[in-house]
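Keep the structure open while you read.

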Amino acid sequence: MGGSEPPSKSFVDLADEQVHWDLRDTMSYGQYLNLDKLLDAQHPLSYHHDEMLFITIHQVSELWMKLCLHELTATVACVRRDDLGPTFKMFARVSTIQEQLLHAWGVLATVTPYDYSAFRNSLGHSSGFQSAQYRLLEFMIGNKNAEMIKVFRSDPPVHETLERALRAPSLYDEVLRLLSRRGLNVPAEAIDRDFSQPYQASKQVAAAWLSVYHNSVKDWDLYELAERLVDLDYKFQLWRFTHAKTVERIIGHKRGTGGTGGVSYLTKALELKFFPELWTIRTSM
């Protein structure tokens, strides 16, 4: 009572700020981020309002996947040299990025079946099935399937990149090599194999992981690594599930634009696990 409140302002006073107003001789925010190219990459092919959202969501997801690949490439390098400390920060970052990818489906789900049908024919045969970065992520983490790269034969540089990733040791292959170097009983056939072939779960590998969990104080960094791998796998499974349900919500059980069965194809991947032994040993603890 009796006091007076300071007058409200309808603008921010910049009089005492040292803003660099003249950017003619220096690099601007837009130039640093190449925003002229980035913001000119959305070109709807129909006149329907929601196609802009559809394009933007997929482009943003590709950018997040690019960052995941950047982080996981560095993670693999750290595992190879048995330097696990930095990987925990990288895994944490990837986990947060995965949450962003997961939330993207919620935005896409605001497109109704009627809205999507209005511009779906504009996509032709283009499909997320043809995402090279997604395929690189799966190969890098450990889900190898040579058949998947056939769709990229019309783009030789991309096909070659994927073929190299297919034949290279995955993150999980490098982790198993690390366990072996640390003296754990990992069978030779699990670490010296044709890396282009799908990984086959091993009881001996499961026993090695179980030993890590039972000796978590001594092998704390390996124990922490195991939990980060489980988190990565878990978030991937959530992403796949939400993808399938979003597609079902928008197109029902129609065939996908890329030729797959749509929801029926997506549900096949719901039981996939990158690190199978880390899931099976939970029953044994």
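Leaving aside its neighbours within four places in sequence, which residues is Asp-50 in contact with?

## Around Asp-50

The answer is Val-111, Asp-115 and Phe-119. Keep in mind that this is a predicted model. Asp-50 sits in the loop between helix H2 (35-38) and helix H3 (51-80). Its relative accessible area is 12%, and since buried means under 20%, Asp-50 counts as buried.

If you want a sense of how the chain comes back on itself here, look at Asp-50 and Ala-118: they are 68 residues apart along the chain, yet their C-alpha atoms are separated by 9.0 Å.

## Ser-46, in that loop too

Ser-46 is also found in the loop between H2 and H3. At 17% relative accessibility, Ser-46 is buried as well. Its side chain has a couple of polar partners to click on. One is the backbone nitrogen of His-48, reached at 3.2 Å. Another is the side chain of Glu-51, with a polar contact of 2.5 Å.

Setting aside neighbours within four places in sequence, Ser-46 is in contact with Glu-51, Phe-119 and Ser-122. Phe-119 turns up in the contacts of Asp-50 and in those of Ser-46.

## The second largest pocket

Now for some open space. The second largest pocket holds about 290 Å³. Elements giving two or more residues to its lining are H3, helix H6 (132-141) and helix H7 (156-167). H3 gives the most, with 7 residues.

In total, 18 residues line this pocket, and Thr-73, Val-76, Leu-136, Met-140 and Ala-165 lie nearest its centre. Sorted by class, the lining has 11 nonpolar, 5 polar and 2 charged residues.

## The largest nonpolar core

In soluble globular proteins, nonpolar side chains tend to be buried together. Here, the largest nonpolar core has 68 residues. Helix H11 (residues 220-251) gives the most to this core, with 12 residues. The residues with the most contacts inside the core are Leu-171, Leu-176, Trp-209, Leu-229, Phe-275 and Leu-278.

Which residues does Trp-209 touch, not counting those up to four places away in sequence? The list runs to Tyr-172, Val-175, Leu-176, Leu-179, Leu-222, Ala-226, Leu-229, Glu-277, Leu-278 and Ile-281.

How values were computed
Residues are numbered from 1 along each chain as its sequence is written. This is a predicted model: local features need pLDDT of at least 70, side-chain atom pairs count only at pLDDT 80 or more; totals for chains, interfaces and linings use all residues. Side-chain values use heavy atoms; hydrogens and water are left out. A nonpolar core is a set of buried Ala, Val, Leu, Ile, Met, Phe, Trp, Tyr and Cys residues joined through side-chain atoms within 4.5 Å. Buried means under 20% relative accessible area, exposed over 50%, partly exposed in between (1.4 Å probe, protein chains only). Helices (H or I, at least four residues) and strands (E, at least two) are DSSP runs, numbered from the N terminus. Contact means heavy atoms within 4.5 Å. On a 1 Å grid over the protein atoms alone, a cavity is a set of points where a 1.4 Å probe fits but cannot get out, and a pocket is an open set with protein on both sides within 12 Å along at least five of seven lines; lining residues have an atom within 4 Å of a point. Grid points are joined across faces, edges and corners, and a volume is the space filled by probe spheres set on the points. Ala, Val, Leu, Ile, Met, Phe, Trp, Tyr, Cys and Pro count as nonpolar, Asp, Glu, Lys and Arg as charged, and the others, Gly among them, as polar. A polar contact is a pair of N or O atoms within 3.5 Å; within protein, one must be able to donate a hydrogen and the other to accept it, and residues adjacent in sequence count only if both atoms are side-chain atoms.
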